[in-house]
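Biologist: I would like to learn how to read a structure with two chains. Could you take me through it step by step?

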Amino acid sequence: MANTWGYGAMTNSLGDIQNAKAIIIFGANPAVNHPVGFQHFLKAKERNNAKIIVIDPVFTKTAAKADHYCQVRPGTDIPFMYGMLHLIFKNGWHDEKFISDRVYGMEDVMEEAKKWNPKKVEDVTGVPADQLIQVTTLYARSTPGTLIWAMGLTQHSNGSSNTRLAPILQLALGNMGVEGGGTNILRGHDNVQGATDMACLSDTLPGYYGLSDGAWQYFASSWGVDYEWLSGRFKSKEWMGKKGFTLARWWAGVLDGKDGNDQIHNAGTNLKNLFVMGNGITSIAQQAKVKEGLDNLDMIVLCDPFVNEAAILTDKQDDVFILPAATQFETSGSVTATNRSVQWRNKVVEPMYESKTDHDIMFELAKRLGFYDEYTAGMKIKENKQDYTWPEDATDEIARIIKTIGLTGWTAKRIKSHNENWHMFDQISGRGYGKMKGEYYGLPWPAWTETHGGSPLLYNINRSVAEGGMGFRNRFGLEHDGQDLLAGAGSAPKGSVQKDGYPEITAVNIEEVLGIKLTADEKKRIGKNWKVDTSNIIAEKCMEQGIAPYGNAKARAKVWTFPDQIPMHREPLHSPRSDLAKEYPSFDDKENHFRVDTKYISKQTEQDWSKDFPINLVTGRLVNMNGAGMENRASKYLAALTPEMFCSINPDLAGKYGIRDGSMMWIHSPEGTKIKVKAKYSHSVPEDRIFMPFHFAGHFQGEDLSHKYPKGTKPYAIGESANTVTNYGYDIVTQIPETKGGLCRIEFA
Amino acid sequence: MLANTYERLKTQIGRRSFMKMAAVATAAGATNAFANDGVTRAATQEEVKNPFPGSTSVKTICTACSVGCGIIAEVQNGVWVRQEVAQDHPISLGGHCCKGADMIDMVRSEVRLKHPMVKEAGKWKRLSWDDALDRIATKLKASHETAGPDSAMFLGSAKMSTEQAYYFRKFAAMYGTNNIDHQARI
């Protein structure tokens, strides 16, 4: 999404879904994963007569609330969406003016869409042609329509194409930048958005600044440390600019290409120490490989309120440290919800037992590693303090530095005032009343200045920038292939001095674009461009003139730096349709993908996987659990709801293998791994696929690991991890694992 | 839980052990075992209205998912005693799912980690924070010097506060590696 229009985040909000006339949900299950957020969907249905369309391989609890449910084969979202686009363009339901003013490269999409007629879509996706026509007609004619997705779109080897085609569908219909429209990704954990914004990521610094030398220089100076000192901490400046290993494949970094494992490129070393803080790594794909990685480390450090089951999975005998971390109710700080809005989470109680907060653990280690002063210097800069107050000074440090996503307005004081006054905001628009007037709840980013009220609805040109309006971001240059990338005539946000498209604002072009004259003092203080302007002069002046600091450009349907410039269908690496895998092959293998060589076509063509592994495997969540389930299984009440790991299986499929309801079954993966789970008859899955929750750990390939838990730490429910049998396969751009659409073989146990 | 029972017990036993006893009492209470033996009595109206005298309410946010529901946590003598939905929260509107309603139980779970531990020769051993941190830092420092900073992998969390996540990223940077990631990658 960031590659389409500038930011990769939910564009509208949960409350705004109540404005929709049609809601299409692709590979997301909010009724289970975001139950309280789902009330806004149901209100749209009840009050606005909105139609809900669910596209999912499994008949979920969300599907049970839908007006239309399309049971798509895993990994065929792109053909389905092209099928919709085919009908939209053919019938002229697209928004021509919107496309010509605000979108680049739609012609190529139109060409590709021609190939995907309803009959062909039916063959590939399994969704009847009539149904495709019915839901497309409904969706295209019920505007505004909102498009929801979650991991059902991302967890594929071509997930990054899925998450581009969904925005393209919305752009085609002109559903962007309007109330009740937008692309609304539902984040999983409570602070995925915040932790992503802060770049607990291997490919960027906080605020998506990237890893370029300029970005490091900006952060060194903003952190109050010497750039040479900082670069001296790395192996070399060269390695400062290289993406690191990811959560999906760090274990390959330990295994170092030995015994047929993928080759790595990691500054001449393999991984020796693993430091984990609040991350249930028993919920990542290929658990057998995770175990192998863990077993071969020199040291494992696991900081969590509960035992991290990585400690149970590994057979490593020494130097496995378990540190008791405080929960988020034993500290305070800010948290960013799925719609980019921030909330202050107040401390409820002091850390229990001997547990310590995450930041205290980091501070203590920084002291011992000799960089504590440099580490904490950034918190003291703003007011030239002797010491800092956690977390307020950290919040203000972030607000001072992160311009790219407009966090200037997120000062601790303002965020706290929203907590104190949360009753003063409208549930649909987020608008504040009374003394909160002029602000939106949680100051959804970008909040460009210290008084800006936030932007609840991205890319809305019907509001002024000061009131949260903006066009698409100018992020990909001014032109491509001779075509102008700036927005068309008359498509600037309301109240702007510029009526058309304009570039992102720099110290050089500010006077020209804004039509102003800077004083000599301002010229001296202004930063090079809006992203590094710590004086915030650019943003302040922009607000006065109605200009978005990041420019006003076209969204792009075509990403010329990606392997597929427009999204193309490619069969999953393990496809049940070997005929289609030949017609729509995967990508070429990718060398050095986040430091590890990654297989695509060679894995797909290694053998006809569908012969020995004829059943599709889909994983997902349960309402009483999330993530690796550590927290929830440590609660006796939640654990009691699903005390055992299970597999949903259609009785007709189970019958073929002699598997009875409630009996045990084996599931085998193409990687040679297996798990033993209880069969649960269910018609939520058809005969060609099975569904499993991914929240369990504590059993491994049929073995109960209870004896490996430290005394008094074993959760109330344990079981096989579904991820022991999820397949090899990683997204071509993001390296997100392909856990939604692998293959397996089953037998009675 | 009855206030007079609570008051009486509070003076006799520690708070934590009281919480455990309260759990037992609740379970037993369900069978009405105590109803006739003079241990319990009907609550007064005041006790029903205000079972935790002197408690304070903290407005905070659920840690389960990205919806960000409001929670009203009731705290008495430093113990989280009761959890209430936030009727006036603009997103959750008084709603709670089973995970959200369970936040109080998660924090007070008996299977929480209580002290640092290390596995040595296959056995779990308790150790002090200072010992644990010293030993971890020594190893990190040694690998930094011999194998280089890229020998470490830092896995952070979407369950941290934004400030902690930012400081986690800064930690990896100052250790000298880009081997850092979190759950957005799944």
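Modeller: We will go through the contact between the chains, then some strands and a sheet.

Modeller: First, this is a predicted model, where local features need pLDDT of at least 70, side-chain atom pairs count only at pLDDT 80 or more, and totals for chains, interfaces and linings use all residues. Residues are numbered from 1 along each chain as its sequence is written, while chains are lettered from A and ligands numbered from 1 in the order in which they are written.

Biologist: How many residues of chain B are in contact with chain A?

Modeller: Two residues are in contact if their C-beta atoms, placed from the backbone, lie within 7 Å. Here, 97 residues of chain B are in contact with 131 residues of chain A. On the chain B side, helix H7 (residues 162-175) gives the largest share, 12 residues. Helices (H or I, at least four residues) and strands (E, at least two) are DSSP runs, numbered from the N terminus.

Biologist: Which classes of residue make up that side of chain B?

Modeller: Ala, Val, Leu, Ile, Met, Phe, Trp, Tyr, Cys and Pro count as nonpolar, Asp, Glu, Lys and Arg as charged, and the others, Gly among them, as polar. The side of chain B that touches chain A has 50 nonpolar, 28 polar and 19 charged residues.

Biologist: Which strands join chain A to chain B?

Modeller: Strands pair if DSSP finds at least two bridges between them. Strand E9 (residues 320-324) of chain A and strand E4 (residues 117-120) of chain B run antiparallel, joined by three bridges. In that pairing, A:Ile322 has B:Met117 as its bridge partner.

Biologist: Is strand E5 of chain A buried or exposed?

Modeller: A residue is buried if 20 or more other C-beta atoms lie within 10 Å of its own, exposed if 12 or fewer, and partly exposed in between, with C-beta atoms placed from the backbone. In strand E5 (residues 145-149) of chain A, five of five residues are buried. A:Gly145, A:Leu147 and A:Trp149 lie on one side, with A:Thr146 and A:Ile148 on the other.

Biologist: What does E5(A) pair with?

Modeller: Strand E1 (residues 22-26) of chain A pairs with E5(A) in the parallel sense over five bridges, and A:Ala22 stands opposite A:Gly145. Strand E6 (residues 183-185) of chain A also runs parallel to E5(A), joined by three bridges; there A:Trp149 stands opposite A:Ile185.

Biologist: What is the order of the open sheet in chain B?

Modeller: Its three strands have the order E1-E2-E3, with antiparallel pairing. The edge strands, E1 (56-61) and E3 (79-85), each pair on one side only. Six bridges join strand E2 (residues 70-76) of chain B to E3(B), where B:Val75 has B:Trp80 as its bridge partner.
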